Amino acid sequence: MVNHSSPVGFLLLGFSEHPRLEKILFVVVLCSYLITLLGNTLILLLSTLDPRLHSPMYFFLSNLSFLDLCFTTTCVPQMLVNLWGPTKTISFLGCSVQLFIFLSLGTTECILLTVMAFDRYVAVCQPLHYATIIHPRLCWQLAAVAWIIGLVESVVQTPSTLRLPFCPHHQVDNFVCEVPALIRLSCGDTTYNEIQMAVASVFILVVPLSLILVSYGAIARAVLRIKSAKGRRKAFGTCSSHLIVVTLFYSSVIAVYLQPKNPYAQERSKFFGLFYAVGTPTLNPLIYTLRNKEVKRAFRRLLGKEVEPN
């Protein structure tokens, strides 16, 4: 049987077959969310208030922090409700909004990480021309392109996904409303949606990741040409945080969106999806703050614990 009308709501199954695991995940997700809020808000404050962080790198980082705040707030509160109690429903409108924002911000992050890789490429490979190439106007244009592409992708893919003929049970085998899970819920022909998702995956995942790898290939060659060990460490230090973030983000997203169709892969994708939605936004500020001396100094200046040199 197929329901051709808009459903009243959906049942987000998540990890409901493992009640004990749900309680553990509730604590983990709640702590992660609090760290995400604190860490990303701190980066936004430091990037705004400290003049020494008014540079392209921290401009893009503040965009990433704002995106992560919005991204987690879209899904984590609903996830916490579902993990804690027996009620695991979400309205059709709530699912639609969550899907739209989830798609838009996820796409934006893919493009934004590519832009940040380009910024690091210019910083390492063209250091003398960095200020000329990565000027403030270009920074705003690149950031705007990332956000607009995310919005366009969501405007295109969300309606076609929500128009699918869903099965009457309305049970989404996931903890959030996302495209792969809603396609699996359909009892009708999903060929068009699967082709659409495959094409989007190529342009939004494969192409940006390829550009990032090319950028880091050029960065690696430039670093190896530096004669002093200190210079190599400094050059690598400017890129290492971003490279770790890219690895964590893309490995989890690819595991969710480019997975084979089998029950084991489907169950495994839920854990990767949880890490993609909760883990990476939590780790991003930790990676950028714990490994970055400039951010640490800015934080000490904000607290008034670092004396400015005369």
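How many salt bridges does the count come to? The count comes to three, a salt bridge being a side-chain nitrogen of Lys or Arg within 4 Å of a carboxyl oxygen of Asp or Glu. The model is predicted, with local features needing pLDDT of at least 70, side-chain atom pairs counting only at pLDDT 80 or more, and totals for chains, interfaces and linings using all residues. Residues are numbered from 1 along each chain as its sequence is written, and side-chain values use heavy atoms, with hydrogens and water left out.

**View 1. Salt bridge between K88 and E22.** The closest N and O atoms of K88 and E22 are 2.9 Å apart. The pair links distant parts of the chain, 66 residues apart: K88 is in the loop between α2 and β2 (89–91), and E22 is in helix α1 (residues 19–49). Helices (H or I, at least four residues) and strands (E, at least two) are DSSP runs, numbered from the N terminus. K88 counts as buried because its relative accessibility is 10%, and E22 does so at 7%; buried means under 20% relative accessible area, exposed over 50%, and partly exposed in between (1.4 Å probe, protein chains only).

**View 2. Salt bridge between R301 and D50.** The N to O distance is 2.9 Å. R301 in helix α10 and D50 in the loop between α1 and α2 are 251 residues apart. R301 is buried at a relative accessible area of 16%, and D50 is buried at 7%.

**View 3. Salt bridge between R120 and D119.** The two side chains meet at 2.8 Å, N to O. Both R120 and D119 are buried.

**View 4. The largest pocket.** This pocket holds about 690 Å³ of space. Among its 21 lining residues, K234, G237, T238, N292 and E294 are the closest to its centre. On a 1 Å grid over the protein atoms alone, a pocket is an open set of points with protein on both sides within 12 Å along at least five of seven lines, a cavity is a set where a 1.4 Å probe fits but cannot get out, and lining residues have an atom within 4 Å of a point. Helix α8 gives the most to the pocket lining, with eight residues.

**View 5. The largest cavity.** Its volume is about 170 Å³, a volume being the space filled by probe spheres set on grid points joined across faces, edges and corners. Of the 15 lining residues, L103, T107, I204, L205 and Y257 lie nearest the centre of the cavity. Helices α3 (92–125), α5 (136–162), α7 (191–224) and α8 (229–257) each supply at least two lining residues.
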